[in-house]
Structure formats: C-alpha cells, structure tokens
Amino acid sequence: MQKKISKIPFKGTPEQEAELKKVIEANKHDKSRLMAVMQEAQEIYGYLPMEVQNIIAEGMEVPLEKVFGVASFYAQFSLTPKGDYNISVCMGTACYVKGAQSVLDELSAELGIGVDECTEDGKFALNACRCIGACGLGPVLTVNDEVFGKLTKDDVPEIIAKFQ
C-alpha cells in the first residue's frame, strides 16, 4: 500500500528547523543514524513532509530518494500531518465483517478526506488500522484514546459532532 503525501501546505517554524539541524549535526558523521534522525524529525514536526526530508537529506549528505524510501517504507513514518483528533477505524477481520468499511466510508464522506489524510484545518486525521483489540465491540474506532464500539455508519455524524 502506497503512502499518501500531504496536500496541506507545510507550516514548519524556524524553531523546529533549528531543533532538527541540531539533531542532524549530532548524527551526520554516521550515515547509519539516518533512521534515528528521521524518527526525531517526526517527533519535532509530527510527520515527515518533503521539506523536512530535504533538510535531512542535505544535512546527512544522503540522496533524497533514500530518505523518501525509508519514510515511505516503514509504517512508523507518516508523510501526512496528524490532526487534533486522530480517528482510527479498525479494519481487522472481526470489525471488517461487522461493517467497518461502511463506517470508514461514511467518515471519509463526512470529513471530505481519505484514509491517511488530514482535514485542511488540521482538526481531523483519518486512518485505517489492522486491530484495536476490542473485537467483541466491532466495528470499533478510536478518536485519540477514546474508543467507540458496536458502530454503524449512522453513528458517524454524532461522533464527529462530539469533537467539533
């Protein structure tokens, strides 16, 4: 599955860039530290937009293609920003057979975004995950750390309204 690249304009601050450059400076002597630098960059920015990947590539003196390859391969890295409210819909077998796809489709329609995307205002991000571990409550979704279970697509507007 290919990761989506954010359509939301990058809004990094000079302070974030200075912090990232300190991390790079401390690690640039060792190319094997690339992944660790990327992890710290994601901590600083919340995701790895192309602008940040460019800074990392230049600072670590590695090709941008290598940075992008790592960022797009490993599930721990996100190329899109997270929202204030991160919605994860469980698509594990138990939830899927109980109708999780219709819940996910309704969320996508209501929010106007697809999976692995964030609303333009930065309020909501939508994800599909493999298992939340609440199979008996399926279909299940989480909004940040709050769990909602035994859902139908008709529950979606009320859940979204709770966080607006």
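Modeller: Phe 148 and Phe 163 are both buried. Keep in mind that this is a predicted model. These two rings make an edge-to-face aromatic pair, with 6.2 Å from centre to centre and 80° between the planes. Phe 148 belongs to strand β5, while Phe 163 is in the segment after α7 (156–162), so their pairing ties together parts that lie 15 residues apart in sequence.

Searching the whole structure turns up 5 aromatic pairs. One of them is Phe 73 with Tyr 74: the ring centres are 4.9 Å apart and the planes meet at 90°, so this pair is edge-to-face. Phe 73 has 63% relative accessibility, so it counts as exposed. Tyr 74, at 35%, counts as partly exposed.

Now for the sheet that β5 belongs to. It's an open one made of 5 strands, running β2-β3-β1-β4-β5, with mixed pairing. β2 (117–118) and β5 (146–148) are the edge strands; each has a single partner strand, so one side of each has no neighbour in the sheet. What holds strands together in general? Strands of a sheet pair through backbone hydrogen bonds, in either a parallel or an antiparallel way. Glu 117, for instance, has Leu 126 in β3 as its bridge partner.

Conventions: Residues numbered from 1 in each chain as written. Predicted model: local features only at pLDDT ≥ 70, side-chain atom pairs only at ≥ 80, totals over all residues. Heavy atoms only, no water. Pairing = 2+ DSSP bridges. Helix = DSSP H or I, 4+ residues; strand = E, 2+ residues; numbered from the N terminus. Phe/Tyr/Trp six-rings, centres within 6.5 Å; stacked < 30°, edge-to-face > 60°. Buried < 20%, exposed > 50% of the residue type's maximum accessible area, 1.4 Å probe, protein only.
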